[in-house]
Number of protein chains: 2
Amino acid sequence: MDRDKAGAQIFGFFNEIGIVSQLSSALFMRLIPGGLHLSHFIVLNHLVRVGDCRTPMQIAAALQVTKATMTHTLGVLGRHGFVEVGPNPNDGRSKLVRLTPAGRSFRDEAIASLAPAFGFVAEALTPAEIQAALPVLEKVRKLLDAERDSPTIG
Amino acid sequence: MDRDKAGAQIFGFFNEIGIVSQLSSALFMRLIPGGLHLSHFIVLNHLVRVGDCRTPMQIAAALQVTKATMTHTLGVLGRHGFVEVGPNPNDGRSKLVRLTPAGRSFRDEAIASLAPAFGFVAEALTPAEIQAALPVLEKVRKLLDAERDSPTIG
DNA sequence: TGCATATAGTTCGATATCATACTAACTAGT
DNA sequence: ACTAGTTAGTATGATATCGAACTATATGCA
């Protein structure tokens, strides 16, 4: 049946994505200095890209983790001196996260030390190959995002 | 610089893969019956696909997790009655994992209940799109596998 | 045979993540 | 104002995963 074949194919597709994600995360964590976890680096990188003075909830939503996880992650980054969490003048329940100079330079150095390993992959891949896969991945991400917000099933 | 641009592009590529992996895992776990973790299901599915009577190490290597994790996962599956772990006649250090009928039918039912949600994505995606992305993902996986076995960096 | 090394699996401690429950503070409707 | 409901963040307990140390078995070499 067509539907079954499509199902099997999409299953293999997600399986492959999961494996690649796992392998790239493992490579990331082997190379990142200071034993920081990938998720910690991602928060630093996010703050650099979108600007700091975000609330924990904003970061958690952007990075698709729970707020409890974000509390934990910000605690780790704070203990490393990479972020500072202060009060939010606009909302007494909330807080504001700011990147410290140490956090910013750690992020920059981490990217520099990671670049060679991932450049190795980038060189083995043609730009055409990346361009073939990226739009599909983005489309899938949007589909999954939509499914998450308004489930068609359960 | 070309190299920097390539690095930025590959970074976005892996970032997108990570997000899709995370979202699809979350969707998976929302729908899988019985509160089983995705990793547990993956082991069941692996045993169905490659046949059982695998050793824990073989499964761990195929699924890219440590043997300690596999010990834990097989314990959970065993407590559910989905697998049985017996001695390995060929190697006294080792064991053999066998799927039980309950494990096999759980896997089948799980796939059936998962199919609609992922079929939703499959229908939004054209086969051409999947065929554009899959070979690239497989190539990246092989590159990362090779990098893991013989690191060019550190 | 006997010993050094390698491998399979387990155990243990640490950490990341989540779900749930809780507190504090904001918001809306009356 | 008050009250009900909502939202931000934290605390707690559970689970998945990993690395390192350990045990038992296997292998290779002298």
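How do the residues of the surface near DNA strand D divide into nonpolar, polar and charged? They divide into six nonpolar, 10 polar and five charged. In this count Ala, Val, Leu, Ile, Met, Phe, Trp, Tyr, Cys and Pro are nonpolar, Asp, Glu, Lys and Arg are charged, and the others, Gly among them, are polar. The model is predicted: local features need pLDDT of at least 70, side-chain atom pairs count only at pLDDT 80 or more, and totals for chains, interfaces and linings use all residues. Residues are numbered from 1 along each chain as its sequence is written, while chains are lettered from A and ligands numbered from 1 in the order in which they are written.

**Chain A overall**

- Chain A has six helices and two strands. Helices (H or I, at least four residues) and strands (E, at least two) are DSSP runs, numbered from the N terminus.
- Along the sequence, the elements of chain A run α-α-α-α-β-β-α-α.
- Taken along the principal axes, the C-alpha atoms of chain A fill a box of roughly 60 × 40 × 25 Å.
- Chain A has 154 residues, of which 27% count as buried. A residue is buried if 20 or more other C-beta atoms lie within 10 Å of its own, exposed if 12 or fewer, and partly exposed in between, with C-beta atoms placed from the backbone.
- Among contacts in chain A between residues at least 6 apart in sequence, 47% join residues at least 24 apart. Two residues are in contact if their C-beta atoms, placed from the backbone, lie within 7 Å.

**The DNA surfaces**

- DNA strand D is surrounded by 21 residues. The closest are Met57(A), Ser94(A), Ser39(B), Thr69(B) and Gly92(B). A residue is near a strand if its C-beta atom, placed from the backbone, lies within 6 Å of it.
- Near DNA strand D, at least two residues each come from α3 (56-63) and α4 of chain A and from α4 of chain B. The largest share is that of α4(B), with five residues.
- DNA strand C is also surrounded by 21 residues. Here the closest are Ser39(A), Gly92(A), Met57(B), Ala68(B) and Thr71(B).
- Near DNA strand C, α4 (67-79) of chain A and both α3 (56-63) and α4 (67-79) of chain B each supply at least two residues. α4(A) gives the most, with five residues.
- By class, the surface near DNA strand C holds six nonpolar, 10 polar and five charged residues.

**The contact of chains A and B**

- Chain A puts 50 residues into the contact, and chain B puts in 50 residues.
- On the side of chain A that touches chain B, two or more residues each come from α1 (2-31), α5 (101-124) and α6 (127-149) of chain A. The largest share, 20 residues, is from α1(A).
- That side of chain A divides into 30 nonpolar, 11 polar and nine charged residues.

**Nonpolar cores**

- The largest nonpolar core has 36 residues. A nonpolar core is a set of buried Ala, Val, Leu, Ile, Met, Phe, Trp, Tyr and Cys residues joined through C-beta atoms within 7 Å.
- Two or more residues of this core come from each of α1, α5 and α6 of chain A, and from each of α1 (2-31), α5 and α6 (127-149) of chain B.
- Residues with the most contacts inside this core are Ile17(A), Val20(A), Leu137(A), Ile17(B), Val20(B) and Leu137(B).
- Not counting residues up to four places away in sequence, Val20(A) touches Ile17(B), Leu137(B), Val140(B), Arg141(B) and Leu144(B).
- A second, separate core has 15 residues, including Met70(B), Val83(B), Leu99(B) and Phe106(B).

**Helix packing in chain B**

- The axes of α2 (38-50) and α5 (101-124) of chain B come within 10 Å and cross at roughly 110°. Axes are lines fitted to C-alpha atoms, for helices over the stretch in contact, and angles run from 0 to 180 degrees between N-to-C directions.
- α2(B) and α5(B) are therefore roughly perpendicular to each other. Angles of 65 to 115 degrees count as roughly perpendicular, under 35 as roughly parallel, over 145 as roughly antiparallel and the rest as oblique.
- Phe41(B), Leu44(B), Asn45(B) and Val48(B) of α2(B) make this contact with Gly103(B), Arg104(B), Phe106(B), Arg107(B) and Ala110(B) of α5(B).
- α2(B) also packs against α3(B), at about 110° with the axes 11 Å apart.
- In that pair, Ile42(B), Val43(B) and His46(B) of α2(B) meet Ile59(B), Ala62(B) and Leu63(B) of α3(B).
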